[in-house]
Amino acid sequence: MPELPEVESVRRQLAPELAGRRVASVWWDPHPEQRFSDVALLEGRRVEDVTRRGKYLVCPLDEDLELVLHLGMTGSFSFGPPDPYARARFGLDDGRELVFRDPRRFGRVSVVEAGDYAAIPTLAALGPEPLSDDFDVDAFAAALRRSNAPVKAALLGQRLVAGVGNIYADEALWRTRIHPTSRRVGRDRARVLHAAIREVLTEAIEREGTTFRDYQMVNGESGRNAPFLSAYGQEGMPCPRCGTAMRKTVVAQRGTTYCPRCQRP
Ligand SMILES: [Zn+2]
């Protein structure tokens, strides 16, 4: 599933294409499982910008509306040719057509009143942006202390910090030698984890995200971060720090890879 660095990479390609453009026509797939709402309101609207909150793309529109997009598990945007998995098509005033492709239909397209996320509770409840000043180290440490969940589950919950998913949680925990099921992360380790979260996300954004199936930027390419992963997906491989075989377990229903020697419970 695309996480903050992948969504940010998509945003950086989408923003110059959409900002200032008017949406001349909209088509969307009426499939009942589609997580789309009020898409018709998009017609005739001008896209002011493409911003991001966590794993959401938030596009301010004229008339005080916002277009909220989520890639779900398999969503991508392109100006490409017709596609059997196209779930929405946005005709722009310059004659081009932006296609939202999403084979598994977990993606979201919603038009809302600007800032009104009542219909999108996961967006409304999102924690601070990790790369902004809002991500306060003391508040993060205090929230981790209060949380009784395994630290990886707390990170995936999106309330302590927005945008971190399975890949970057595994990476940040490996870097800080914190066991993913640990429920006691003290102040000092929380500080180190706070810094590591920023590091792994910043590095991945510089490499335009981690390549995996179905992740695709607007230009059709995927990221270059995969060869730099130390933990995620590395089960059975030697730990890059100590050489011990990396082990896989399940935390919060998600596959979780860690070093049994560096990351003691
Ligand atoms: Zn190790």
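Along the chain, the donors of the zinc ion follow the spacing C-x2-C-x16-C-x2-C. The model that holds this site is predicted; local features need pLDDT of at least 70, side-chain atom pairs count only at pLDDT 80 or more, and totals for chains, interfaces and linings use all residues. Residues are numbered from 1 along each chain as its sequence is written, and side-chain values use heavy atoms, with hydrogens and water left out.

Four cysteines coordinate the zinc ion through SG: C239, C242, C259 and C262, at 2.2 to 2.4 Å. Donors are N, O and S atoms within 2.8 Å of the metal (3.2 Å for Na, K and Ca); water is not among the atoms, so sites may look incomplete. The arrangement is tetrahedral because the four donor atoms subtend angles of 100 to 115 degrees around the zinc ion. Four donors count as tetrahedral if all angles lie between 85 and 135 degrees. C259 and C262 are both buried. Buried means under 20% relative accessible area, exposed over 50%, and partly exposed in between (1.4 Å probe, protein chains only).

The protein is divided into domain 1 (4-124) and domain 2 (137-258), with bounds that come from an automatic or database domain assignment. Their centres, taken over C-alpha atoms, are separated by 27 Å. Domain 1 puts 21 residues into the contact and domain 2 puts in 19 residues. Contact means heavy atoms within 4.5 Å.

The largest nonpolar core has 30 residues, and F77 and F90 have the most contacts inside it. Such a core is a set of buried Ala, Val, Leu, Ile, Met, Phe, Trp, Tyr and Cys residues joined through side-chain atoms within 4.5 Å. Elements that give two or more residues to this core are α1 (4-18), β1 (23-28), β4 (56-60), β5 (65-70), β7 (86-92), β8 (97-101) and β9 (108-113). Helices (H or I, at least four residues) and strands (E, at least two) are DSSP runs, numbered from the N terminus. The most comes from α1, with five residues. Domain 1 and domain 2 both give residues to this core, so it lies between them. Beyond its neighbours within four places in sequence, F90 is in contact with S25, V26, L42, F77, R96, E97, L98, F100 and V109. Another core lies apart from this one; it has 29 residues, including F135, L156, V164 and A190.

D29 sits in the loop between β1 and β2 (35-37). With a relative accessibility of 13%, D29 counts as buried. A polar atom of the D29 side chain lies 3.0 Å from the backbone nitrogen of H31. This is a polar contact: a pair of N or O atoms within 3.5 Å; within protein, one must be able to donate a hydrogen and the other to accept it, and residues adjacent in sequence count only if both atoms are side-chain atoms. Leaving aside neighbours within four places in sequence, D29 is in contact with Q34, F36, R87 and R105.

Helix α3 (residues 137-146) has V137, F140, A141, A142, A143 and L144 as its buried residues. Their cover includes α4 (151-156) and α6. At the start of α3, a side-chain oxygen of D136 comes within 3.2 Å of the backbone nitrogen of D138.

R183 is in the loop between α5 (166-175) and α6 (187-206). R183 is partly exposed, at 47% relative accessible area. The R183 side chain reaches the backbone oxygen of N148 at 2.6 Å.

Technical notes. Tetrahedral: all angles 85-135°; square planar, octahedral: opposite > 155°, others 65-115°.
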